[in-house]
Amino acid sequence: RVSWADVEDALQTAIATASGLDPTRVIWSYANANAPPQDYVVLTLGDPQGIGLDYLRASAPDPSLPAGADVKMTVTGVRECALQVQCFTASTLPRRPSEARTLAATIRSGLLLASVREPLALVGVTPFDAAGRVNYVPDIVAIGFRGRAAVTVRCYVPAQDVYEYISWIARVQ
C-alpha cells in the first residue's frame, strides 16, 4: 500500500537526482525549516484530481482469514497532481537568470531519464507532462535578489487505497 508520504519521498528523490543537488537541498514548501543558504529547490504538490472513475477490486477468497473477513475489497484509481518545482540560485546579478532557468530546465529534462523515474515507478508515480514552460521569477524584482525559476510538471499518482474486508459467502447469498 502506497501512502502520500511514499509519493512525496519518491518525488523528492527523483528531483534531487535530476537536479544533481544534495537531497537536503530539495525541500517541500510550507516546511517548518529555514531555506538552505546555497542553491536549492522547493517542491509543492497540488491537489489530486480524479482521472476517470475509481473501481472496486476484490482479492481472491482467503480461507486462512476469519469468517466474514476473507475477501479484501479495494477502491482504487488514478489521480493527476501538478508538481511545482521552484529553483533558487545564489546569483544576485539582475540580468543573470540563466542559472535558475538552467537548473529548472535540467530537472524538467531529467524527468525523462530512467535513473530519475525509477524511484517514482516504485510507488506508481508517472510524470507525463515534463515539457512545462520554465518561468524566471526573481525573488525581489527591483534588485534581482536570488535567481528563481519555476516549472510545473503534471504527474499521475495512484489513488490512496481504501479497503474493507467482507465475507465472500455473505456476498453470494
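**View 1. Two aromatic pairs in a predicted model.** The structure holds two aromatic pairs, where rings of Phe, Tyr and Trp (its six-membered ring) pair if their centres lie within 6.5 Å, with planes under 30 degrees apart counted as stacked, over 60 as edge-to-face and the rest as tilted. The rings of Tyr40 and Phe88 are stacked, because their centres are 4.8 Å apart and their planes lie at 10°. Tyr40 belongs to strand S2 and Phe88 to strand S4, so this pair ties together parts that are 48 residues apart in sequence; helices (H or I, at least four residues) and strands (E, at least two) are DSSP runs, numbered from the N terminus. Both Tyr40 and Phe88 are buried, a term for under 20% relative accessible area, with exposed meaning over 50% and partly exposed in between (1.4 Å probe, protein chains only). The other pair, Phe128 and Tyr156, is also stacked, since the ring centres are 4.1 Å apart and the planes are at 15°. Phe128 lies in strand S5 and Tyr156 in strand S7, so parts 28 residues apart in sequence are tied together. Phe128, at 32% relative accessibility, counts as partly exposed, and Tyr156 counts as partly exposed at 31%. This is a predicted model, in which local features need pLDDT of at least 70 and side-chain atom pairs count only at pLDDT 80 or more, while totals for chains, interfaces and linings use all residues. Residues are numbered from 1 along each chain as its sequence is written, and side-chain values use heavy atoms, with hydrogens and water left out.

**View 2. The largest nonpolar core.** This core has 33 residues, and those with the most contacts inside it are Leu11, Ile15, Val41, Leu83 and Val85; a nonpolar core is a set of buried Ala, Val, Leu, Ile, Met, Phe, Trp, Tyr and Cys residues joined through side-chain atoms within 4.5 Å. Among the elements that each supply at least two residues of this core are helix H1 (4–19), strand S4 (71–89) and strand S7 (147–158), and the largest share, seven residues, comes from H1. Leaving aside neighbours within four places in sequence, Val41 is in contact with residues including Ile15, Val85, Cys87, Leu103 and Ile107, where contact means heavy atoms within 4.5 Å.

**View 3. Helix H1 passing helix H2.** The axes of H1 and H2 come within 8 Å and cross at roughly 115°; axes are lines fitted to C-alpha atoms, for helices over the stretch in contact, and angles run from 0 to 180 degrees between N-to-C directions. From H1, the contact is made by Ile15, Ala18 and Ser19, and from H2 by Leu103, Thr106, Ile107 and Gly110.

**View 4. Cysteines without a disulfide.** The structure holds zero disulfides, a disulfide being a pair of cysteine sulfur atoms within 2.5 Å. The sulfur of Cys155 has its closest cysteine sulfur in Cys81, 7.5 Å away, which is too far for a bond. Cys155 counts as buried at 2% relative accessibility, and Cys87 is buried with a relative accessible area of 0%.

**View 5. Ala130 and its surroundings.** Ala130 lies in the loop between strand S5 (126–129) and strand S6 (135–136), and this residue is buried, with a relative accessible area of 15%. Not counting residues up to four places away in sequence, Ala130 touches Arg108, Leu111 and Val153. The C-alpha atoms of Ala130 and Leu111 are separated by 6.7 Å, although these residues are 19 residues apart along the chain.
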